[in-house]
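Please open the model in your viewer and keep the selection panel at hand. The tour below goes from one selection to the next and says what is there.

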Amino acid sequence: MAEIRIENLRKEFADFVAVKDSSFVVNDGEFLALLGPSGCGKTTTLRMIAGLELPTSGKIYLDGEDVTFNRASARDIAFVFQLFALYPHMNVRKNIGFPLLSQGMPRAEIRERVEETARLLQIGHILDRSVSGLAGGDRQRVALGRAIVRRPKCFLMDEPLGTLDAEFREVMVHELRELHNRVHATTVYVTHDQHEAMAMADKIAVMNHGVIEQFGTPQEIYRKPASMYVADFIGSPPMNFLRFTSGLRRGASAVSLNGVDVIVPEIHQDVAVGELALGVRPEHIRFSDASPLRGAVYGSEYLGTNQVVAIETGSGLIKARVPANRNFHIGETVGLEFTPANLALFDCKSGRAVASSLYSGGQHG
Amino acid sequence: MSSANTAHSVVAPSHTSKRVAGTIVIVYALITLIPLVWIFLTSIKSPPDSISYPPKIVFTPTLEGYCNLFTTRTRQTPDYIVALPEPTSTCDEVTRKRNMVIAGPSNFLPRFVNSLVIAFGSTFLAVFLGTLAAYGFSRFKVPLADDLLFFILSTRMMPPIAVAIPIYLMYRELGLSDTALGMILLYTAVNVSLAVWLLKGFIDEIPREYEEAAMIDGYTRLQAFRKVVLPQATTGIAATAIFCLIFAWNEYAFAALLTSGQAQTAPPFIPTIIGEGGQDWPAVAAGTTIFLVPILVFTILLRKQLLRGITFGAVRK
């Protein structure tokens, strides 16, 4: 178990910059999710930590030791691949024991450790089976077994649930988190699935175009998005942006949206006149007939416990998550109200959040 | 899969097409097998039977051809033969009927051993070098990799005999003429291009993740190659080995040109049997029959791999 420290890590492939000067720290025993769309540099970052790629510049410290240019085999880390990479010519037992064999461990001890690991993952009954006949979930468990059997300093996982079907993924999300709680190993988990990241991680790093847009707890990432990108990437449906053109003054606590004043958390910086966006999560919208902010119902999606209603407003189409007990007619005019404490403001030009009391106390990247 | 399903399947072949395919395969097998059967039958005929016209289908089998293949004989007077002690082997007996006695072993066995050494030696070398080169081309950024691969393949574009004279002169200078080493090197050089190309295809199909996983599991790249890549490449290696072996085993032109004595292989030797005291077709046929055995055994042993090797890439595991 160890702390992973990344400093100004950069990776260029020919003229493409995959990772742009990233820095972050994963504390001992912490579960970090690297979250982002495909091609954002999250897998490259993970592979550099593993030693499967060498960085163009920057440093990687594992447990305080500079391992930037160490061989993968010399780093004492475990890696779970997206396609599991179970050795097809070995059975389950040999697959799990393979890392121990490289250390020259006596056979009896390997046997014991493999069986102990199998018990932990509840795969004792398939130890002597061939890996090619295993179901997706069991393959996943064998891959995890091969990772934890060695008790490495940290675990790196590259979309390990990507190939499982949705139903099974839920089960494995739960199992992975349980496993993490039991072994408490530092883990870096790459995913493009926000639900996996939110459900498992202690910290999330949201990446885009090789840059870490925001690093924080799932709560921070969700409640205090540092950029429009993060706000849009996290949440389903994502945060609504109501665009308007205005300037902001430090200390103000209201903005004017097409002539309607909307109360927002106290603003902590001056912003020159330009295009801004008011960020509202769908669940922070309520219907209020008296509200001066009006819109026309465009459509609704019934989700059982609640419904998502699309509303055409003067500032664009927005989606609201509201109780399922009210029926809406398409075209019906409604009044809207936002929960003031949860509103975020963004500068559309830079895409960054405007400092306000929403962010004070928390991290603001 | 139940039979009811297959009967109505759109992709499974129908009964008629299966029968047609089966007939074609049987006819083809007969066409290719008849010469082999004829060679085998000739090898167990007596010399008069072997040249009789019309050809004899029913005859008394004899081992004379095999005896003549493995021995040299001298002609003696009938009186001398009658005076000899009782024959000690079937071959003695058969030979004496033709008024001859066995003078000693023929060169067939050493030539056959030469063929084995040269063919298997060059196959091993070609597959060994080919595997390493293919792995390198498959996994590393080799500068000018495409050009190099084309260059390697281009050595197969001309008929090998086109370079016979330069090679003959080079071998004479280097003292490699009529040596097993020279033939092994020559066949390796010809086969290695085929081996690189075939094996690169197989190794490209093995995901890199396996080696990466092995390296993370604490192994060096070479160990990962040996323990993870090689076992998965066995199919390709076996298929490649068969192709290389068949080439080296059957090669005639270079063997005839570059070997004449101690390193001579079986293909140029077998025709020389004809000349010794009349046309001894049964002995030639016996030599050919024995010559077929190693390839037959090797191919049967590896036939599963060969089949998968031919269809590789078509079906993912």
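UniProt positions are given here in the numbering used for this structure, feature names are shortened, and annotations may be inferred rather than shown by experiment. Bear in mind throughout that this is a predicted model.

Begin with chain B and select residues 20-41, 116-136, 148-168, 180-199, 228-249 and 281-302, the spans to which an unreviewed UniProt entry assigns the feature "transmembrane region". Within that set, colour residues 20-41 of chain B, a span that is 100% helix and 0% strand and whose end C-alpha atoms lie 30 Å apart. Then move to residues 281-302 of chain B, where the span is 95% helix and 0% strand, and where the end C-alpha atoms are 32 Å apart.

Next, show both chains and select the contact between them, to which chain A contributes 17 residues and chain B 14 residues. On the side of chain B that touches chain A, helix H11 (209-216) and helix H12 (221-250) of chain B each supply at least two residues, and H11(B) gives the most, with 6 residues. Coloured by class, this side of chain B has 8 nonpolar, 3 polar and 3 charged residues.

Finally, turn to chain A and select helix H4 (residues 136-148) and helix H5 (residues 166-183), which pack at an angle of about 20° with their axes 11 Å apart. H4(A) and H5(A) are therefore roughly parallel to each other, and their crossing is right-handed. Display the side chains where the two helices meet, including A:Leu144 and A:Ile148 in H4(A) and A:Phe168 and A:Met172 in H5(A); by class, this contact of H4(A) with H5(A) has 6 nonpolar, 3 polar and no charged residues.

Technical notes
Residues numbered from 1 in each chain as written. Chains lettered and ligands numbered in written order. Predicted model: local features only at pLDDT ≥ 70, side-chain atom pairs only at ≥ 80, totals over all residues. Contact = placed C-beta atoms within 7 Å. Helix = DSSP H or I, 4+ residues; strand = E, 2+ residues; numbered from the N terminus. Nonpolar A, V, L, I, M, F, W, Y, C, P; charged D, E, K, R; others polar. Axes fitted to C-alpha atoms, helices over the stretch in contact; angles between N-to-C directions. Parallel < 35°, antiparallel > 145°, perpendicular 65-115°, else oblique. Left-handed = near helix turned anticlockwise from the far one by under 90°.
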